[in-house]
Amino acid sequence: MTAVWEGDGATTPLATLLMTGFLNAVPRTLDEAARIDGASTLTVITRVIAPLIWPGIVTVGVTAFIAMWDEFLFAQIFLTSESLKTVQVGIAGLFGEYGTDWGVVMAASVLAALPTILLFSLLQRRLVAGAVKE
């Protein structure tokens, strides 16, 4: 069975690519200035770099959550127990061979979309990165 954060294999490379871009946007001069002022490595990371890359951390977190929440293929193939099936697999089970109750399917789809909508609504201010001047 796959690990919780493994997903379809695209989440980790995408997260690495996104975080590399955010980390490369932080000027080295800020790190050097903090070192000259006597800051330790931990202080530089927590008080200088982390606040600047916080939008990237939130972006990667939301992107990874959405990718994992929308995971269908691996859940359909590997999960055999009814109690372990994901919401998306459950919605796919609502489609009948001879007919489908579209009201139930649409209601379940709205409920399945709510966590993603709520997460994005709560964190949308953090998704916008501020400009850093050198």
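Predicted model: local features only at pLDDT ≥ 70, side-chain atom pairs only at ≥ 80, totals over all residues.
Residues are numbered from 1 along each chain as its sequence is written, and side-chain values use heavy atoms, with hydrogens and water left out.

**Whole chain**

- The protein chain has six helices and zero strands, and its pattern along the sequence reads α-α-α-α-α-α.
- Of its 134 residues, 19% count as buried (under 20% relative accessible area; exposed is over 50%, partly exposed in between; 1.4 Å probe, protein chains only).
- The accessible surface of the protein chain is about 9,500 Å² (Shrake-Rupley method, 1.4 Å probe; for residues, only the protein chains shown count as cover), and carbon and sulfur atoms hold 66% of that surface.
- Taking contacts between residues at least 6 apart in sequence, 64% join residues at least 24 apart (contact: heavy atoms within 4.5 Å).

**Helix 1 against helix 3**

- Helix 1 (residues 11–24) packs on helix 3 (residues 41–69) at an angle of about 160 degrees, and the axes are 9 Å apart (lines fitted to C-alpha atoms, for helices over the stretch in contact; angles run from 0 to 180 degrees between N-to-C directions).
- Helix 1 is therefore roughly antiparallel to helix 3 (over 145 degrees; under 35 is roughly parallel, 65 to 115 roughly perpendicular, the rest oblique).
- On the helix 1 side, the residues in contact are Thr11, Leu14, Ala15, Leu18, Met19, Phe22 and Leu23; those they meet in helix 3 include Ile49, Ile53, Gly56, Val60, Ala64 and Met68.
- By class, the residues of this contact of helix 1 with helix 3 are 14 nonpolar, four polar and no charged (nonpolar: Ala, Val, Leu, Ile, Met, Phe, Trp, Tyr, Cys and Pro; charged: Asp, Glu, Lys and Arg; polar: the others, Gly among them).
- Met19, in helix 1, is buried because its relative accessible area is 17%.
- Leaving aside residues up to four places away in sequence, Met19 touches Ile53, Gly56, Ile57 and Val60.
- Met19 and Gly56 are 37 residues apart along the chain, with 6.1 Å between their C-alpha atoms.

**Helix 3 against helix 6**

- Helix 3 and helix 6 pack at about 175 degrees, and their axes are 11 Å apart.
- This angle makes helix 3 roughly antiparallel to helix 6.
- Val58, Val62, Phe65, Ile66 and Trp69 of helix 3 make the contact with Ala112, Pro115, Thr116, Leu119 and Leu123 of helix 6.
- The contact of helix 3 with helix 6 comprises nine nonpolar, one polar and no charged residues.

**Other residues**

- Gln124 is partly exposed, with a relative accessible area of 41%.
- Gln124 and Pro55 are 69 residues apart along the chain, and their C-alpha atoms are separated by 9.6 Å.
- Gln88 belongs to helix 5 (residues 87–92) and counts as buried at 17% relative accessibility.
- Not counting residues up to four places away in sequence, Gln88 touches Trp69, Asp70, Glu71 and Phe72.
- Thr41, in helix 3, counts as partly exposed at 43% relative accessibility.
- From Thr41 to Asp31, ten residues away in sequence, the C-alpha to C-alpha distance is 9.2 Å.

Conventions: Helix = DSSP H or I, 4+ residues; strand = E, 2+ residues; numbered from the N terminus.
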